[in-house]
Amino acid sequence: MDTLKTTGVRITPQRHAILEYLIDSMNHPTADDIYKSLEGKFPNMSVATVYNNLRVFREAGLVKELTYGDAASRFDFVTNDHYHMICQCCGKIVDFHYPGLDEVEQFASHVTGYKVSMHRLEVYGTCPDCSESEEHKSN
């Protein structure tokens, strides 16, 4: 909330609820997920309102928009640098932390001459739930 105040963004009840939902959520929700979860509490809120607020949060540096191929963008509350494990079956995304990748930025910069601004790591596979259901289908 302090970050929003310093950037001059008004804290509306809807903004507060969307941000709280993102902070509490571990599943990297889509704008539609957020809308569906909050529409009972805010019946006059639209999906466009959710998107607009997510854009405000992204510009303030509070939220990262995760885009993976054709799927809808998912949103992640920015707490610290972390990476994502993505299920190729159901699309579930979980965070994992791996401390050593700053060296990759330094190496990439050294080899290419680029000034590195960021990096992103995604690891793809099959989550335990999907793996289990695959095993049940084959039995």
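Q: Which residues does Leu 38 touch, not counting residues up to four places away in sequence?
A: Contact means heavy atoms within 4.5 Å. By that test, Leu 38 touches Ala 17, Ile 18 and Met 45.

Q: What kind of model is this, and how are residues numbered?
A: This is a predicted model: local features need pLDDT of at least 70, side-chain atom pairs count only at pLDDT 80 or more, and totals for chains, interfaces and linings use all residues. Residues are numbered from 1 along each chain as its sequence is written, and side-chain values use heavy atoms, with hydrogens and water left out.

Q: Where does Met 45 lie?
A: Start with the elements. Helices (H or I, at least four residues) and strands (E, at least two) are DSSP runs, numbered from the N terminus. Met 45 sits in the loop between H3 and H4.

Q: Is Met 45 buried or exposed?
A: Buried means under 20% relative accessible area, exposed means over 50%, and partly exposed is in between (1.4 Å probe, protein chains only). Met 45 has 2% relative accessibility, so it counts as buried.

Q: Which residues is Met 45 in contact with, leaving aside its neighbours within four places in sequence?
A: The list is Gln 14, Ile 18, Tyr 35, Leu 38 and Val 50. Take Gln 14. Met 45 and Gln 14 are 31 residues apart in sequence, yet 7.8 Å apart in space, C-alpha to C-alpha.

Q: What else is Gln 14 in contact with?
A: Gln 14 belongs to helix H2. Beyond its neighbours within four places in sequence, Gln 14 contacts Phe 42, Asn 44, Met 45 and Thr 49. For Gln 14 and Arg 58, 44 residues apart along the chain, the C-alpha separation is 16 Å.

Q: How many residues does the largest nonpolar core have?
A: In soluble globular proteins, nonpolar side chains tend to be buried together. A nonpolar core is a set of buried Ala, Val, Leu, Ile, Met, Phe, Trp, Tyr and Cys residues joined through side-chain atoms within 4.5 Å. The largest one here has 19 residues. Those with the most contacts inside it are Ile 18, Leu 22, Ile 34, Leu 38, Val 50, Leu 54 and Phe 57. The elements giving two or more residues to this core are helix H2 (13-24), helix H3 (31-38), helix H4 (47-59) and strand S2 (74-77).

Q: What is the phi of His 28, and where does His 28 lie?
A: His 28 has a positive phi of about 55 degrees, although it is not a glycine. His 28 lies in the loop between H2 and H3. With a relative accessible area of 3%, His 28 is buried.

Q: Where do I find Arg 120 and Asn 80?
A: Both are in loops. Arg 120 is between helix H5 (102-112) and strand S5 (122-125). Arg 120 is partly exposed, at 42% relative accessible area. Leaving aside its neighbours within four places in sequence, Arg 120 is in contact with Thr 67 and Tyr 68. Asn 80 is between S2 and strand S3 (83-87). Asn 80 is partly exposed too, with a relative accessible area of 39%.

Q: What pattern does the chain follow along the sequence?
A: The chain has 6 helices and 5 strands. Their order is α-α-α-α-β-β-β-β-α-β-α. The radius of gyration is taken over C-alpha atoms; the globule rule is 2.2 Å times the number of residues to the power 0.38. The chain's radius of gyration is 18 Å, well over the 14 Å that the rule gives for 139 residues, so the chain is more spread out than a compact globule. The C-alpha trace spans about 50 × 45 × 25 Å along its principal axes.

Q: What percentage of the residues count as buried?
A: Of the 139 residues, 31% do.
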